[in-house]
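Please open the model in a viewer and keep the selection tool at hand. The stops below are given in the order in which they may be selected.

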Amino acid sequence: MSIDNLPPLKQVIETHGLAAKKSLGQNFLLDLNLTAKIARLSGRNEDHDVLEIGPGPGGLTRGLLSEGARRVLAIEKDERCLPALAEVEAAYPDRFSVMLGDALDINPLDHLTPPIRVAANLPYNIGTELLVRWLTPPEWPPYWDSLTLMFQREVAQRITAEPGSKAYGRLAILSQWRTDAKIVMNLPPEAFSPPPKVSSAVVHLTALPEPRFPADAKMLQHVTATAFNQRRKMLRSSLKGLSAEIEDHLIAADIKPTDRAEQIDVERFCALARSLKSE
């Protein structure tokens, strides 16, 4: 079943010679029914602009538009994809535009009108960096209401992990500090072209009106990155480079100096970031 009057994605890829490039982290999702489902998981978007990163041949783009998004802005680094995306633009005049460039270098607020949501099958090589940027702006709430993002399943599990688990780390803390995050869909490798070596998952993150606990975003990011860099070490060893008085800061945050990073919940990491910020 087609979701629009455009050709099937397999035909689009063949017509425009869009073999996925490993160097760009590309894996194309070809089933338009799946892309429409992901679009629905992002919410009802009739009153939202949607930012998409790495649209490739336009599968998720077409899902978002067919499901009624007010407007979609796609940022694509691979200029080979532009002719295929031009066909989508022609089919949805005034509702879709594409920018050629690196998503890490473009400010989408210059091109979108709030309220805004983000939905993307993120390129594997920049997915986590983009997520961290979206989660750590200096001011909160952010420009986006929600993020609906596809990752390798291992990364999705890291985003939603609980303290004490092997997957728990920086991504879990940053995500759960300011959002409600949950895995809403799992996809096998064979859903993609070419099939990746691992399974994928879609994570939906809803921005909270305020962070769960007060903390400076840069300091929290710095503390968690340092703490989880050497997971097996005690925190006082991992963090000793941050302050000569690190044991005092740990105690002030109700953390035992002999604790390890994976034992510490979001609240206490935020308390530690506040204590270090005040030094």
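Select helix H5 (residues 127–135) together with H7: their axes come within 10 Å and cross at roughly 35°. Axes here are lines fitted to C-alpha atoms, for helices over the stretch in contact, and angles run from 0 to 180 degrees between N-to-C directions. The crossing of H5 and H7 is left-handed, a term used if the near helix is turned anticlockwise from the far one by less than a right angle, whereas clockwise is right-handed. Helices (H or I, at least four residues) and strands (E, at least two) are DSSP runs, numbered from the N terminus.

This is a predicted model, in which local features need pLDDT of at least 70 and side-chain atom pairs count only at pLDDT 80 or more, while totals for chains, interfaces and linings use all residues. Residues are numbered from 1 along each chain as its sequence is written, and side-chain values use heavy atoms, with hydrogens and water left out.

Next, show the side chains between the two helices. Thr-128, Leu-131, Val-132 and Leu-135 of H5 meet Arg-170, Leu-171, Leu-174, Ser-175, Trp-177 and Arg-178 of H7; contact means heavy atoms within 4.5 Å. Six residues of this contact are nonpolar, two are polar and two are charged. In this grouping Ala, Val, Leu, Ile, Met, Phe, Trp, Tyr, Cys and Pro count as nonpolar, Asp, Glu, Lys and Arg as charged, and the others, Gly among them, as polar.

Now turn to the sheet. Seven strands form an open sheet with mixed pairing, in the order S4-S3-S2-S5-S6-S9-S7; two strands pair if DSSP finds at least two bridges between them. Strand S4 (96–100) and strand S7 (179–187) each have a single partner strand and stand at the edges, so one side of each is left without a neighbour in the sheet. On average, neighbouring strands of this sheet are turned by 20° against each other, direction ignored. Helix H7 (residues 170–178) packs on the sheet, where it touches S7 and strand S9 (200–207), and its direction makes about 120° with that of S7.

Within the sheet, select strand S5 (residues 116–121) and strand S6 (residues 144–152), which run parallel and are joined by five bridges. Ala-120 has Leu-149 in S6 as its bridge partner.

Which residues lie nearest the centre of the largest pocket? They are Gln-26, Gly-54, Glu-76, Asn-121 and Pro-123, from a lining of 30 residues. Strand S1 (28–29), strand S2 (49–53), helix H3 (59–66) and strand S3 (71–76) are the elements that give two or more residues to this lining. The pocket holds about 400 Å³ of space.

One cavity of 30 Å³ or more is present in the structure. Select Leu-6, Pro-7, Val-12, Pro-57, Arg-62, Ala-84, Glu-87 and Val-88 to see the lining of the largest cavity. Helix H4 (residues 82–91) gives the most to that lining, with three residues. On a 1 Å grid over the protein atoms alone, a cavity is a set of points where a 1.4 Å probe fits but cannot get out, and a pocket is an open set with protein on both sides within 12 Å along at least five of seven lines; lining residues have an atom within 4 Å of a point. Grid points are joined across faces, edges and corners, and a volume is the space filled by probe spheres set on the points.

Finally, inspect the backbone. A cis peptide bond, with omega about 0°, joins Pro-114 and Pro-115.
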